[in-house]
Each structure stands twice: as structure tokens, then as C-alpha cells.
Amino acid sequence: MDFSIASILLVDGLTNGAIYALLGMTTVLVFAVTRVIYLPQGEYVAFGALTLGMLQLGQVPGTVWFLLLMAGCAALLDLVADLRQRQPAAQVAGRLLRTLAFPVAISALTIWIAPRQPSLLTQMLLTLALVTPFGPLIYRLAYQSLANASVLVLLIVSVGVHFALTGLGLYFFGAEGFRTPALWDEQMSLGSLLLSGQTIIIFLITVALIVLLWLFFEHTLRGKALRATAVNQLGARLMGISTESAGKQSFTVAAFIGALSGLLIGPTTTIFYDSGFLIGLKGFISAVFAGLSSYPMALLGAMLVGIIEAFSSFWASAFKEAIVFTFILPVLLWRSLRDPHTEED
């Protein structure tokens with residue numbers, strides 16, 4: 001291996017690491033706020049890429065029907081809960097409207113505009129608008145009633161949610177894979193190193209999202225409420241912060257970043273209905289590297305995962321995934337020796 005090959009592998013590893021960093025940081029966020037080890041994070045990546053791929057063909061994506069199904073189930077749960085509590089009719093109607101309005105509106109817009117094959121930017125915005133509501137809806141359907149359960153129970157639920165989303169993804173999207181168009185087709189030379197426009201876009205969007213997340217948590221009321229919930233849920237409740245609302249917001253952020261990651265990674269590889277699992281698992285490894293608590297460490301762990309994956313694909317491509325996932329073993333050992341062991345009540 002000479003320097004030029006090593007530099008190409010390094011750039012490729014850092015590019016993939018940028019995607020894993022976004023997924024790792026959202027995994028840390030969701031766990032900090034809700035104590036949910038969110039394994040299905042990668043499904044948002046697959047749904048985002050598949051939705052854009054179907055829009056490119058002028059077809060109505062399966063995301064529309066999937067979204068309407070989940071919104072209907074969530075509305076039914078809300079209706080049953082309100083009727084049991086004998087809530088006023090106006091309050092029941094208002095809650096149903098909040099649950100159904102956006103999913104129905106964006107689905108109707110997509111059904112109307114998809115056959116007209118709008119611009120790539122419009123298709124990307126539609127994709128983000130379709131996939132982002134999956135976050136709060138999944139929280140409402142799977143996790144809200146179990147908010148006080150143990151971490152182990154929530155982990156088991158996450159495994160079930162993963163299998164459910166994978167199976168439903170096959171039903172709504174089919175087994176065909178999609179490779180979406182690059183956001184920027186330019187090729188740039190930096191000495192002996194060749195950089196693609198898509199790589200530059202991935203780096204720029206990753207940096208921009210990290211900065212925006214920092215501004216959100218440091219300078220907005222909702223961001224500070226999420227931070228307070230992450231530090232102490234009971235204290236946040238006593239201060240009037242709704243932990244239910246915080247959970248929905250964290251899942252919304254996770255869905256948005258996952259869908260955006262799908263748009264970024266779609267041009268670099270073919271995405272299938274089940275591709276999100278391996279991608280999300282690599283983001284989870286970076287979150288474990290951070291002890292599910294540190295955003296900078298998650299970023300560092302993601303870059304290491306990306307670099308290990310790139311060089312493994314060169315030296316032993318058949319064992320690339322095994323080498324990457326083996327990386328979690330020394331991390332767990334290090335965490336076990338470094339962090340004190342506590343029993344959960």
C-alpha cells in the first residue's frame with residue numbers, strides 16, 4: 001500500500017465516519033433523554049434513501065402509506081386514552097387533529113406531486129417531511145407507555161421495533177434497492193488525492209448539523225429542556241418539563257438526522273429495505289465508544305469506525321464487517337474497567 005491508496009482509504013473512511021457520527025450522536029441523545037438504546041436508528045437511513053429513490057422514478061413512495069398507518073394507530077391510541085379519562089370532546093378532537101394533520105397533509109401533497117417528478121431539492125424536502133414524523137409516532141406507539149421501564153425492557157422493545165420496521169419496510173418498499181443521484185457531481189484534485197463533490201457535501205452538512213445541534217442545546221429553551229431531562233428526569237418533571245414531550249422531540253431529531261443521513265449516503269451505495277441495520281449498528285458502536293453519554297467521543301468513535309472499515313475493506317474485504325464489529329469488544333472492556341458498576345433500581 002502506497003501513500004496515494006492510503007489517502008484514498010482515509011478519505012473514504014472519514015466520509016463514512018461522518019455519517020456514523022450523525023447516527024452515533026442521535027443514539028446518545030435518545031438514550032440520554034429516554035434511556036432507550038435505539039437500535040432501529042438505521043431504519044430511518046434506509047427509509048430516507050428508498051423514499052428519494054422512488055420519487056426519482058415518479059412513483060408514490062411506500063413511506064406515504066407507512067406514515068398514514070402509523071398516524072392512524074397513534075390517533076386510535078390517543079382516542080382510547082382520552083375516552084377512558086373522559087376528556088372533553090373539544091380536547092379529544094384537538095389531540096386527534098394534532099396527530100393526523102401533518103401526516104395526512106404531507107402524504108396528500110406527495111401523492112399529488114410525485115408523478116410530476118419535481119426537482120431534486122423538492123424531492124429531498126418531501127423525503128425529510130415524510131420520514132421525520134416517524135420518530136414521534138414510533139415513540140408514541142412503542143415507548144411512551146413504557147417510559148418508566150428498565151433499560152433492559154426498553155432494549156428488548158427496540159429489538160422488536162427493529163424487526164417490525166424491517167418487515168414493514170419490505171412490504172411497503174419492496175426488495176428492490178435504490179441508488180440516488182449525487183448532490184454534487186464535481187471531482188476535485190488535491191495533489192494525488194481525488195475528492196468527489198458528494199464527499200465534500202457530506203463533510204459540510206455533518207459539520208453544519210453538529211453546529212446547529214450545539215446551538216439548539218445551548219441557546220434554545222427546548223434544547224435546554226432536553227438537556228435537563230437528560231441530566232435528571234425527576235428533576236425535570238418537578239420543574240414543569242414534560243418528559244413525554246422531551247422523548248418525542250428526541251425521537252423527532254433522530255428521525256430527521258437519520259433521513260438526512262440516508263439522502264447523503266444514498267449516492268455512495270445501493271440501499272435496500274434492510275440496509276439500515278448495519279449502518280445504524282456502526283453508529284451504535286460509535287455511541288458505545290462514547291459510553292452513550294458524550295457527543296465528542298461519539299464523533300471520535302465514528303471516525304475510528306469509518307477508518308477501520310475502509311482499511312479492512314482493502315486488506316480483508318470478506319471480513320470487513322466482522323473486523324468493524326469486533327472493535328466494540330475492546331471498547332466494552334475499557335468501559336467496564338473505567339466506569340463504576342451500578343445496579344439499576
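How are H1 and H8 oriented to each other, roughly parallel or roughly perpendicular? They are roughly parallel to each other, a label given to angles under 35 degrees, whereas angles over 145 count as roughly antiparallel, 65 to 115 as roughly perpendicular and the rest as oblique.

The model is predicted, so local features need pLDDT of at least 70 and side-chain atom pairs count only at pLDDT 80 or more, while totals for chains, interfaces and linings use all residues. Residues are numbered from 1 along each chain as its sequence is written, and side-chain values use heavy atoms, with hydrogens and water left out.

**Helix packing**

Two packed helices are described by the angle between their axes and the distance between the axes. Axes are lines fitted to C-alpha atoms, for helices over the stretch in contact, and angles run from 0 to 180 degrees between N-to-C directions. Helices (H or I, at least four residues) and strands (E, at least two) are DSSP runs, numbered from the N terminus.

| Pair | Angle | Axis distance |
|---|---|---|
| H1 and H8 (residues 197–219) | about 25 degrees | 9 Å apart |
| H9 (residues 221–231) and H11 (residues 243–265) | roughly 110 degrees | within 10 Å |

H9 is therefore roughly perpendicular to H11. In this contact (heavy atoms within 4.5 Å), Arg222, Leu226 and Thr229 of H9 meet Thr243, Ala246, Gln249 and Ser250 of H11. By class, the residues are two nonpolar, four polar and one charged. Here Ala, Val, Leu, Ile, Met, Phe, Trp, Tyr, Cys and Pro count as nonpolar, Asp, Glu, Lys and Arg as charged, and the others, Gly among them, as polar.

The crossing of H1 and H8 is left-handed, meaning that the near helix is turned anticlockwise from the far one by less than a right angle; clockwise would be right-handed. H1 contributes residues including Val11, Leu14 and Ala18, and H8 residues including Ile202, Phe203 and Leu209. This contact holds 12 nonpolar, three polar and no charged residues.

**Two buried residues**

Thr27 is in helix H1 (residues 3–34). With a relative accessible area of 2%, Thr27 is buried (under 20%; exposed is over 50%, partly exposed in between, with a 1.4 Å probe and protein chains only). Leaving aside residues up to four places away in sequence, Thr27 touches Gln41, Phe284, Ala287 and Leu292.

Ala255 belongs to helix H11 and is buried at 0% relative accessibility.

**Strands**

S1 (residues 187–190) runs antiparallel to S2, joined by four bridges.

Key:
Two strands pair if DSSP finds at least two bridges between them.
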